[in-house]
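Have the viewer open as you read.

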Amino acid sequence: MYRIGIIGGETHINEITQLRGKMVEITGVAVRPDQVEWAKKEFGAPVYTDYRRLLDEKPIDIVAVANENDLKAEVMLESLRRGKHAIVDKPMALKLSEVEAIERLAKEKGLRVLMLLTMRGSPWYRKTREIVLSGAIGAPVQVYGKMQVPLKPSERPPWFLDKYRAGGPILDLALHTFDQVEWVTGLNLTAVTAYEANLSHPEMKNLIDSGAELFRLENGGTAFVEQNRVGFDYDYRLYVVGTNGQVNLLNNRSIRVQTQEGWREYGKADLGPTVSVVEDWLKSFNGG
């Protein structure tokens, strides 16, 4: 059983709480003052408003960091300095220099860091990866990925709508797809050009609502990723064109594979279960 201290009450907290009593014990939580009452009910653990007091007073093996994006780097570095392993919601920082500092300190201290790229646990993306890495469609030539998630500005905290605090949808949304391109194909992204815009809410001066990126893959192929918070519904897609076919994942409803033998479609019944990326990571501490 791993002792977890949770810092922040934003997204993906359920990745931790679903393992409570099974693999983790939540020994304490630190949140903003306006989240205290919610946190008391949600976690059933002592609640602090100063994360340093939490680190000082509670036994913690791993910190789970899910606070505002612009404050994550500070919390990560302080936790690592104190010898804590870390699970952090994406993005772990807004600046490359901060990411490099986190990586450097973790290596110096011999500590492990997991960023919550939760789509790796999705049976749809896991099946797509299995197909591509099996060589069924040949070597990847082109990849297209899309993530569309409604903005719902009235339901978002103010910091989330500020590109200087949240980082915009490249860091908060498309980061998932960048990871999927590399994870599904087994190829690194080596060069990029990108554009962003805000056309839906020009009155929100610090909002970014859309963008797109063109990448070069390490094998010379290309990848195109687009993300937006303009649409009224969720739209997730991943297409991989290979030298001997293609695989198309559409909205977690179907996977269509084309090879020289023709088309084959996979549905929910063909997939495995959803995998907890946190549980997988915790198991790896003891070699599985």
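Just after α6, glycine 135 takes a positive phi of about 85°. The model is predicted, so to speak of local features a pLDDT of at least 70 is needed, side-chain atom pairs count only at pLDDT 80 or more, and totals for chains, interfaces and linings use all residues. Residues are numbered from 1 along each chain as its sequence is written, and side-chain values use heavy atoms, leaving out hydrogens and water. Helices (H or I, at least four residues) and strands (E, at least two) are DSSP runs numbered from the N terminus.

Within α6, the buried residues (under 20% relative accessible area, with a 1.4 Å probe and protein chains only) are Pro123, Trp124, Tyr125, Lys127, Thr128, Ile131 and Val132. Their cover includes α8 along with the strands β7 (140-148), β11 (235-242), β12 (245-250), β13 (254-259) and β14 (262-266).

## Where α6 meets α8

How do the axes of α6 and α8 cross? Helix α6 (residues 123-133) and helix α8 (residues 168-185) have axes that come within 8 Å and cross at roughly 40°. These axes are lines fitted to C-alpha atoms, for helices over the stretch in contact, with angles from 0 to 180 degrees between N-to-C directions. The two helices are therefore oblique to each other, a label for angles left over once those under 35 degrees (roughly parallel), over 145 (roughly antiparallel) and 65 to 115 (roughly perpendicular) are set aside.

The contact (heavy atoms within 4.5 Å) is made on the α6 side by Tyr125, Arg126, Thr128, Arg129, Val132 and Leu133, and on the α8 side by Gln180, Trp183, Val184 and Thr185. By class, this contact has five nonpolar, three polar and two charged residues. Here Ala, Val, Leu, Ile, Met, Phe, Trp, Tyr, Cys and Pro count as nonpolar, Asp, Glu, Lys and Arg as charged, and the others, Gly among them, as polar.

## Histidine 176

Leaving aside residues up to four places away in sequence, histidine 176 touches His12, Lys90, Leu116, Leu117, Thr118, Met119 and Met147.

## Pockets

A pocket is an open set of points on a 1 Å grid over the protein atoms alone, with protein on both sides within 12 Å along at least five of seven lines; a cavity is a set where a 1.4 Å probe fits but cannot get out, and lining residues have an atom within 4 Å of a point. The largest pocket has a volume of about 520 Å³. Its lining has 25 residues, with Thr11, Val149, Arg156, Asp172 and Arg229 nearest the centre, and divides into 10 nonpolar, six polar and nine charged.

The second largest pocket, with a volume of about 370 Å³, is lined by 13 residues, of which Ala93, Leu96, Val99, Leu171 and Leu175 lie nearest its centre. α8 gives the most to this lining, with four residues. The classes are 11 nonpolar, no polar and two charged.

## Cavities

The largest cavity holds about 90 Å³ of space. Of its 13 lining residues, Phe160, Gly168, Pro169, Leu207 and Ile208 lie nearest the centre, and α8 gives the largest share, three residues.

The second largest cavity holds about 40 Å³, and its lining includes His12 and Leu116, both of which histidine 176 touches.

Note on methods: Points joined across faces, edges and corners; volume = space filled by probe spheres on them. Buried < 20%, exposed > 50% of the residue type's maximum accessible area, 1.4 Å probe, protein only.
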